Structure formats: structure tokens, C-alpha cells
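Take a slow look at the sequence and the model before reading on. We'll walk through it together, one stop at a time.

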Amino acid sequence: MTRLSRRNFLTYAGGAFATSFLLKGCLGNPPGFAQVKEPVAPPDFEAAKTLETNTVVLGYLPILEAAPLIVASEKGFFAKYGMLEAKVAKQANWGSARDNVEIGSAGGGIDGGQWQMPMPYLIHQGLITKGKKPIPMALLLQLNTQANGIAIAGHLRNENLGLDLSNNKGLFSQLKSSQKTFKAAYTFPKANQEFWLRYWLAAGGIDPETEVELLTVPAAQTVANMKTGTMDAFSTGDPWPYRIVQDQVGYLSMLTAQMWPFHPEEYLALRADWIAQNPKATQAVLMAIMDAQRWCDDFANREELAIMLSSRNYFGTRPEVLRGPLAGTYDMGNGQVLDDPKYAPYYWQDPRGSVSYPYQSHDLWFLTESVRWGFLPPETLDRATEIIAEVNREDLWRQAAQTMGVPASEIPTSTSRGVETFFDGVTFDPKDPKAYLRSLEIKTVKI
Ligand code: CA
């Protein structure tokens, strides 16, 4: 037995989910019950010899966005392209992921991995690193769309907050005047979770700067605080929103899939020095994750995916809390059940086209939204094309897609996905981000 196949064998035989499916096997699975199956492709030892390295360490957080990284490892896609020792490493939180990429794998950290936006840009520019040291980053691929939501604490059940808050403005001012200002949390500031929360509030006419209190709080603490009624809302990735409903801690006001259908969510980015030193291995990593994304997108694989991700090796949760979101079925916890694949996460293609391809127009939205709230200076928009060209390596994605033989119909012809439309009718035209900012009533930036 080679070292690799032995390692894979140990993963399967010794892993927590292996035990659980053996147990289920003993009890007799109903026909059609999916299990985590063998890797789909054998390791390519010849390809491995042609690469600069066979190892890379990619960080992930235990939310559905991480699925392509875990699948690439678990189903043998990394090994299929010669990355025999690729590792995925669970990060305690986003701050740890940032600190670990600053260290790099040589120092016991990570080479890159899963990120909220615009974290790779902020790390690249040295805006959130220790000592403000720039760590050049390369954005390679989008991991997924959707799979996020905003949960509301049970003590506000009677308010039945939904997607459109325009009829709830009174509640927010009433809470504020009675010293109980609405408190909403996310696990890392100035990135996706905070953007979704701010967009939702502002679209309903509630100024996130003055009418509410926004806080960075660890996920477990947020849920504990929601139980005791000291936290009112949590903006986060699945399975957290769904878990909050299942555990009867609260209900869902909305899914981000309702606010901005098929919106960009999280990304794969690596240190630029790793990419420069390992151009062939970079292509292998890209091809492996793209294969994994195609596997994840097949709804026939989603039961297996739920079991794989829920195992103690990865999320350490119950598969039940992943099945619903992966199928687009959400009990909102307020009597409403959304049940439509259009609410599910997508990993390879969605009705708007490529998910995996990192559209530069989406990076521009994240930078524009950062300007909207004063997180980045307005001049950022005058230099946005240059900044995006430095970080966004869509050229490397295209190269991998061509090598793999991805059909032309699945390769975008433009770096822009075009005009984006939000639930409130607001549009973002990547050709004129300032017009978007001007159209918004609630914002920090003066434009
Ligand atoms: Ca997310």
C-alpha cells in the first residue's frame, strides 16, 4: 500500500463519519440512502512529479462556503491532479485565518483558502494585518453563491421581521429610545456578513450607523446571547441560520438569496508569493477545486455532501441542519417555509452563469460597498481597476478551465457579470459604481 492510499484508507476507516455510516449500515439504510463514497478518481503520481510542490495548506471555516475545498480533499480531486499532500485546515475564526495566512504554511500557518470579501484585498493592502504589513494576495476562484441569512432572536418573534423592514422602522427607534438599541452581530467586520446586514437595514430605511448597534462577536457567543435576549440578530453563513431555527433560538428574517439572487459570496485566495513560486501546482489546485465545485453542484450528490461536511472531521454538526439549506429548503421559523432550489447554494454554475469564475465586477461591488460605509476612502473607486487587476487572477482561472476542457459555454466571455439588481429595485452597474452610490439614500460616503 502506498503512503497516499494508506493515508486515504485511514481517513475513511478512522474518520468519525466512517464510524457513523458503518453504524447506519448495521441498522440497515433505507434504499437510496447516500453514504460518503470512495474518492472519484485515483491519485496521479506521474502528474505529481511535474509539479513544483505536492502540498498546499488551505484554511476553511465550517460553513457551506467551504464545501468545494473539503470535497476536493475528501473525493480525491487534489490527488487526481498530483497535489497528493494538499491539506484543508479548519480555522477557529476569520481573524485566525488572516493571522495564519500572514505566517504562511512554512511557519505552521496556511497558504490561503476561503475568504469573505474583501478580506483578500484588505490583507493585500496591509489594512487588517499585524503592523499593517501588506501580504500580496491572489484571488483565484469564487467558492459559492448564496447560503447566508440573518437570524432574529426569539424575543422579537412577535415583530416578525422580514426581508422588507420599511414597516418596522418604529420598532428600531422605539428600542433605541428605551435604551435597548437593536444589536446585530457578525463574526468579522467590514466583510460579507456586515455588508448583508447593512444592506438589509438601509433598504428598509434604517440607518445602520445611528439606529442600531453592530458588533463583531464569535458565533457561539452570538447564539448564547440570542438565547438570553441580549443580542437581537446574527448575520451568518449556513448552517448557523438554520441551526438557530432548529434549536428554537430564533427565526430567519431573510436569506441573502432573497435580497440579491445568486449574489457573490466567498472566494479562494492564496498568497501571491505561493502562486509565483508554484505556477503548476496553482493550476492543479484550481482544477481540483473546479472539479469539486462541479461535484457539489450535482443535487444527486448533496445528501452525501451533507453527511461528509457534518462529520466531526469537518463541521461537527448534525446532517439534518445541512440537508435543508443544501436543497434550498428553509423553515424560516416564523411559520413560513421556503422550498425552492433557487435558494440553495451554487458552486459551479447558477442561473446567472459561472459561479466559480471570479468576476471582477463583483470585486468592484465589494470595494464600492466598502466605500459606501466609509471602510475604504472614496479614492478607492478611482483606482479600482488597478487594485482589482493586482489581486483578481481570473486569467489563472481561465487557464485552468481551458486545460480541463471546460465547455466554452461555461467560461464567461467578460470579466463583468453585468448589471446586478437587488430586491428593493436598486441596481449596481459595474460601469458606473458612483451612480450606484448616488442612488442610495442611506450611506456614510459623501458623493
Ligand atoms: Ca458567508
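First, some ground rules. This is a predicted model, so to speak of local features we need pLDDT of at least 70, side-chain atom pairs count only at pLDDT 80 or more, and totals for chains, interfaces and linings use all residues. Residues are numbered from 1 along each chain as its sequence is written, and side-chain values use heavy atoms, with hydrogens and water left out.

Let's start with the domains. The domain assignment gives domain 1 (6-142 + 265-310) and domain 2 (148-262); such bounds come from an automatic or database domain assignment. Taken over C-alpha atoms, the centres of domain 1 and domain 2 are 30 Å apart. Where they meet, 15 residues of domain 1 are in contact with 13 residues of domain 2, and contact here means heavy atoms within 4.5 Å. The area buried between domain 1 and domain 2 is about 1000 Å², with carbon and sulfur atoms giving 52% of it. Buried area is the accessible area (1.4 Å probe) that two parts lose on being put together, summed over both. On the domain 1 side, I63, Q116 and E265 lose the most area to domain 2, together 42% of what that side buries.

How many salt bridges are there between domain 1 and domain 2? The count is 0, where a salt bridge is a side-chain nitrogen of Lys or Arg within 4 Å of a carboxyl oxygen of Asp or Glu. Polar contacts are there, though: 8 residue pairs between domain 1 and domain 2, both residues at pLDDT 80 or more. A polar contact is a pair of N or O atoms within 3.5 Å; within protein, one must be able to donate a hydrogen and the other to accept it, and residues adjacent in sequence count only if both atoms are side-chain atoms. The elements giving two or more residues to the side of domain 1 that touches domain 2 are α6 (94-103) and α7 (119-124). Of that side, α6 supplies the largest share, 3 residues. Helices (H or I, at least four residues) and strands (E, at least two) are DSSP runs, numbered from the N terminus.

Now for the metal. Which residues coordinate the calcium ion? They are E65 (OE), N148 (OD1 and ND2), E265 (OE) and E266 (OE), at 2.2 to 3.2 Å. Donors are N, O and S atoms within 2.8 Å of the metal (3.2 Å for Na, K and Ca), and water is not among the atoms, so sites may look incomplete. Along the chain, the donors follow the spacing E-x82-N-x116-E-E. E265 counts as buried because its relative accessibility is 0%, and E266 counts as buried at 1%. Buried means under 20% relative accessible area, exposed over 50%, and partly exposed in between (1.4 Å probe, protein chains only).

Next, the backbone. Most residues other than glycine have a negative phi, and most peptide bonds are trans. The peptide bond from M117 to P118 is cis, with omega near -5°, and P118 is in the loop between β3 (112-115) and α7. D238 and P239 are also joined by a cis peptide bond, with omega about 15°; P239 is found in the loop between β8 (233-237) and α11 (240-246). K190 isn't a glycine, yet has a positive phi of about 60°. This lysine is partly exposed, with a relative accessible area of 39%. F262 has a positive phi too, near 60°, but F262 counts as buried at 12% relative accessibility.

Helix α19 (residues 394-404) has buried residues including L396, W397 and M404. The buried residues of α19 pack against β4 (137-142), and also against α13 (272-277), α14 (279-297), β14 (353-354) and α17 (360-372). After α19 comes G405, whose phi is positive, near 80°.
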